[in-house]
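Keep the structure open and follow along.

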Amino acid sequence: MRFPFKGAEASSTTTSESSVSPVQDTTPTFPDEKLRSVDVATAISDLDKIQRSHQWDPNLPKEKLEAVKAALEHGDDKEIAETDLLFTEDSPYEEVRAAVRNVDGGEVACTVRAWILGMIFVTIGSGLNMLLSMRSPAINFPALVVVLVVYPIGCLWAKVMPTKVFNTFGLQWTLNPGPFTIKEHVVITLMSNVSIGYAYSTDALLALQGKPFYNLNLGWGFALIFTLSSQLIGIALSGMFRRFLVWPSATMWPTQFAYTSLFYALHDKSKSDGATSNGWVISRYRYFFFVTGGMFCYYWIPGVLWQGLSVFAFITWIKPDNVIINQLFGGYTGLSLIPITFDWTYVSAYLQDPLLAPTQSHINTLIGLFLFMIITTIGITYSGALYSDYLPMVTSQTYDNTQKAYNVSKILGDSFTLDLDKYRNYSPLFLSPTLALNYGLSFAALTASLVHVGLFHGKEIWYRFKTARNQEPDIHLKLMKKYNEAPEWWYLVLLALSLALGIATVEGYDSQLPWWGFFISVILAMLFVIPTCMIIAISNIQLSLNVISPFLAGLIFPGRPIAVMVFKVFSTITLGQAQTYGIQSSDLKLAHYMKVPPRVTFWCQVVASIWAVFVQIAVMNWTLGVIPDVCSSSQPSHFTCPNGRAFFSASIVWGVLGPERMFGPGSMYVNFSWFWLIGAGFPVILWFLSRKMKIGFVRHLHAPIMFGAMGWLPPATPLSFSTWAIFGLIFNHGIRKRFNGWWCTYNYVTAAALDAGLILSTIVIFFAITLPGVTIPQWWGNVDIYNTVDASSKAWLKTVPEGETFGPATW
């Protein structure tokens, strides 16, 4: 689509004269000259596309939708031009305007400096995170650390490295192109994001190769092509679906607002305008480091000096042995009906930073928490259903009929197969009420996502499929059109190559997974890429296949636990890479916001991902070969492989015990299969109420968020979810309405600073105290606060006498 504004082809290095103030959400006043430059016919076409694309957009203010409708109905040229400019001169979303600038500075992005620093940090980060992931407790170095560390290194490089220009085969290059640019900084971050976290497949490889587990080493070749294929398929899919997930303005990807705000804060040290920031004039740069330093110092209090502040369940301290009090108000295995924490790790651990998510996500998460989790759990527990009176309310631990952790080794025969006699002589597998609901709500979330996206966004998806880059006007898409797009055939070739590697993985080695099972796992992931990525792009709530994929694999391949593991890796990480595990679609949006050329983005993601695979597999095999007793529960240095152990146990439960015995006809949890239908039906009800009954507030209710956010609970607790929503509403609703200028200027910088300070403090505490085994202060606030039945995971209504069991007589 062409925009006939005067000067439309001029350099984009300066701000448009009509750009909306980043701290105001009111309709701006445009100069008459700008209004006259708008072609009315084109504007009408734009507004018609906007109206159709955003009619169910929960993040777009209703006033703007009404303004579009009114302009089209009235037919007034000036009103049409003003409304069109409101959407085309800057983002229509206040969140985006607060975090992303509507200009392209034209800085250089692809430099030798960026590639050298990027590959160095990919090597160090991916290798170190792989090593530390094998230790318990685990710790990792997220990309935010790279953003902070690489900035002074890049600036130092610009000062000391020679500026000589070299000529190699006709290609000119230099080690020092000048000042370290914001786009170079982004490129290094993109490389780190896709690779700095350890590959998901390594959990399965540890379960396979670890001596306490399967003790089956299929060789370096299997490990490399298994990991390469599982990592690259998601990258290919994210690129192929850019028209749905990256280019539309409605797909905001709020998780990137912290990064964009941090980049601007580091590279622009100018003071804020007090007139537009509620009187605050401190630069974002200084503000970021003040808050980061404050959080770094503060976290030593709940992290070391007084750990009772993390779960401030003061009522359980008063009545430590009262089971009902601990069940209702406890923060470890209880429902946290009075949610209080002074520890930012509990607030941001599972749903990420609450300052990044939109208000509708906070509200829908609270509704889902209380309606589908807390109230339902209370009903299940106090009715005695599912033998829940013998179990803690909130835990991901599975139990046997003696109230002990379920020991899968007691039901295994030869070659890790199910021994029915041992199983019948041991125990059925019991789930806590919240864990059983977790499975049910995970079923509901996936069917709800398909139905919701089909009902509310089906026409929009078809429209974007047909229009590609010629979508409704968006300032950032318009600015990106100056760069050559990465052609879709690049992503198609990458998909074909990665699928070929996947086929080689399952057919060339004894993976127990047939070739058609591999394609089912990939198709399952592809089915959910668009709906789940659209949901996370507007809500910051991630939906995953980590529950449904082993469930389906256990049904399709009963008695083949290794096949279940491989199937789970290919389906879960393919979707995860396409959305947020490797943050592919999200990273593409970051590059889109920061105006990094698409072809540079493609190559930095692909090359960094491939290199990180070799680094991680090398580190994993080195660790398995060098560290004595690695992966054993008694390993002296705590290299117990917690993720590999969890993967092994899950493969036994789903591959050996099987979902048929857990959720099939006649099983204890058969009624949770109804959640498939509940998930499909609930969006239909909301669609009917909002579209047919015209109930206004219902457009902000979101079934996939209500169900999907609960997918982390357990291991998360209601305390994390409640406080996440409360902090989010305080900042993104309360402060945003009362101090809008401050919110637009500093909110996302605050989010980045809180996370940065917490991460740095956690790393220092780990290496200074946890790793060397330094004893923390032994006083009531660090010792006695754990002497409750809630903290000891024994808050159950009934206790099984010694030598007796609970549960059904036969199974």
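What follows is a short tour of some loop residues.

Bear in mind that this is a predicted model. Start at Asp343, in the loop that runs between helix H16 (323–329) and helix H17 (344–348). What Asp343 does have is a polar contact of 2.7 Å, side chain to side chain, with Ser310. Ser310 also shows up among the contacts of Asp343 beyond four places in sequence, along with Tyr299, Pro302 and Leu309.

Now hop over to the loop between helix H31 (703–708) and helix H32 (718–738), where Pro714 lies. Pro715 is in the loop between H31 and H32 too. Check the peptide bonds here: the one from Leu713 to Pro714 is cis, with omega near -15°. Carry on to the bond from Pro714 to Pro715, and that is cis as well, with omega near 15°.

Asn215, in the loop between helix H9 (201–209) and helix H10 (220–240), has phi near 55°. Asn215 is partly exposed, at 47% relative accessible area. Asp629 has a phi of about 55° and sits in the loop between helix H27 (598–626) and helix H28 (642–657). With a relative accessible area of 55%, Asp629 counts as exposed, because the cut-off for that is over 50%.

Methods: Residues are numbered from 1 along each chain as its sequence is written. This is a predicted model: local features need pLDDT of at least 70, side-chain atom pairs count only at pLDDT 80 or more; totals for chains, interfaces and linings use all residues. Side-chain values use heavy atoms; hydrogens and water are left out. Helices (H or I, at least four residues) and strands (E, at least two) are DSSP runs, numbered from the N terminus. A polar contact is a pair of N or O atoms within 3.5 Å; within protein, one must be able to donate a hydrogen and the other to accept it, and residues adjacent in sequence count only if both atoms are side-chain atoms. Contact means heavy atoms within 4.5 Å. Buried means under 20% relative accessible area, exposed over 50%, partly exposed in between (1.4 Å probe, protein chains only).
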